[in-house]
Amino acid sequence: MLNYALKRCVLGLVLAWAVLTLLFFALHAVPGDPAEVLLTGEGAGSVSPEAVAEVRAQLGLDQPLFAQYGSYLAGAVTGDLGTSFTDGASVLSAVADRLPATAEIVLAAAVIGVVTGVLAGSWAARGGRVADTVTGIATSLGVSIPVYVLGSLLVLWVALTMQWLPAGGFRSFGSDPAGHLERAVLPVAVLSVGFAAVVARTTRSAVLETSRQDWVRTGRALGMTRGEVFRVHILRNALGPTVTVTGLEIGTLLGSTVLVERIFNWPGAGSLLIDAVSQRDYPVVQGVVLVIAVVFIALNILVDLLHGVLDPRVVHA
């Protein structure tokens with residue numbers, strides 16, 4: 001297990017380097033000059049070539065592309081993701097300030113989605129035709145509705161029409177716990193719907209497949225009740241695929257926060273990324289994407305290791 005964990009960590013570092021490299025060259029291949037955007041505000045109007053050249057020199061954009069890449073890679077290895085083009089602030093500090101807000105709604109949505117999905121999937125597999133049909137319709141809707149559509153509908157109905165919850169915004173939990181939780185309900189709900197639908201479908205299929213195994217029939221033949229057989233023999237063995245899907249769907253949640261945070265004016269890493277893209281702030285874009293990629297890679301390593309705990313038959317090569 002230890003050797004496998006070390007191999008997965010090395011592979012994770014290689015993947016993080018690949019993400020950093022592809023992102024760096026992709027950003028610099030985009031037409032336009034960040035220096036001009038910085039001078040004109042929105043990239044419109046005209047500025048003197050001398051002013052543009054001066055700003056490019058200040059930002060280090062006058063250096064050869066591979067020299068810029070080498071400098072950024074060396075900084076990333078030491079934990080220095082550079083400084084923002086717009087305000088000169090540390091990128092790592094900016095991401096660290098915004099990441100907890102994103103992690104809060106992602107973790108809350110993941111917990112709600114896993115619990116709801118496992119319960120719904122188990123009910124669909126064991127509850128007969130009606131339960132299976134209802135769950136199938138609900139999960140189809142959950143998977144097919146985009147987060148920006150669901151978010152807009154919830155803002156229109158829950159916040160503006162019914163006035164049950166605020167339409168958006170953010171308040172510090174320390175200064176206003178109730179206001180903070182009220183404003184987190186809708187973003188978490190939007191993120192958890194699709195997540196729960198995918199988990200429910202996976203759990204249903206895994207439970208049905210596990211129920212056909214020989215050890216399940218043996219448990220029933222030994223006189224165990226249906227509930228005991230489900231808890232002891234079915235559910236734990238069916239959680240393997242569910243755990244895998246959960247790890248993969250965390251990446252979808254992280255990507256969805258870019259839209260959800262914008263809809264609900266939630267000051268997380270996704271909002272920071274959108275602002276940085278509009279301002280052509282290369283270091284901030286690279287920093288946000290790299291941190292999210294590292295988090296996703298780490299979660300998938302953890303999921304792989306968790307398989308060995310849930311199913312001792314899994315052999316890690």
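Colleague: Which helices each supply at least two residues of the nonpolar patch?

Modeller: In this predicted model, they are α6 (128-144) and α7.

Colleague: Why is Leu 153 called partly exposed?

Modeller: Exposed would need over 50%, and buried would need under 20%. Leu 153 has 47%, so it counts as partly exposed.

Colleague: Which residues of α7 are buried?

Modeller: Val 147, Leu 150, Gly 151, Leu 154, Val 155, Val 158 and Ala 159 are. Their cover includes α8 and α10.

Colleague: How do you know that the span of α7 is close to the expected one?

Modeller: Helix α7 has 15 residues, and the expected span is 21 Å at 1.5 Å a residue. From first C-alpha to last, α7 reaches 20 Å, close to that value. Just after α7 comes Gln 163, with a positive phi of about 55°.

Colleague: Let's go inside. Which residues touch the most other members of the largest nonpolar core?

Modeller: Val 190 and Leu 253 do, in a core of 24 residues. The elements giving two or more residues to this core are α5 (91-126), α7 (147-161), α8 (177-211) and α10 (226-263). Helix α8 gives the most, with seven residues.

Colleague: What is Val 190 in contact with, leaving aside its neighbours within four places in sequence?

Modeller: Val 147, Leu 150, Gly 151, Leu 154, Val 260 and Phe 264. Among these, Val 147, Leu 150, Gly 151 and Leu 154 are also buried residues of α7. Apart from this core lies another, of 22 residues, including Tyr 72, Phe 85, Val 258 and Leu 290.

Colleague: Now the backbone. What makes the phi of Asn 265 worth a remark?

Modeller: Most residues other than glycine have a negative phi. Asn 265 is not glycine, yet its phi is positive, near 55°. Arg 280 also has a positive phi near 55°.

Colleague: Where do Asn 265 and Arg 280 lie?

Modeller: Asn 265 is in the loop between α10 and α11 (269-278), while Arg 280 is in the loop between α11 and α12 (282-310).

Colleague: How do you know whether Asn 265 and Arg 280 are buried or exposed?

Modeller: Set each value against the cut-offs. Asn 265 has 57% relative accessibility, over the 50% mark, so it counts as exposed. Arg 280 has a relative accessible area of 14%, under the 20% mark, so it is buried.

Colleague: And the chain overall: how many helices and strands are there?

Modeller: There are twelve helices and zero strands. The C-alpha atoms fill a box of roughly 85 × 55 × 35 Å along the principal axes. Of the 317 residues, 39% are buried.

Notes: Residues are numbered from 1 along each chain as its sequence is written. This is a predicted model: local features need pLDDT of at least 70, side-chain atom pairs count only at pLDDT 80 or more; totals for chains, interfaces and linings use all residues. Side-chain values use heavy atoms; hydrogens and water are left out. A nonpolar core is a set of buried Ala, Val, Leu, Ile, Met, Phe, Trp, Tyr and Cys residues joined through side-chain atoms within 4.5 Å. Buried means under 20% relative accessible area, exposed over 50%, partly exposed in between (1.4 Å probe, protein chains only). Helices (H or I, at least four residues) and strands (E, at least two) are DSSP runs, numbered from the N terminus. Contact means heavy atoms within 4.5 Å. The expected span of a helix is 1.5 Å times one less than its number of residues.
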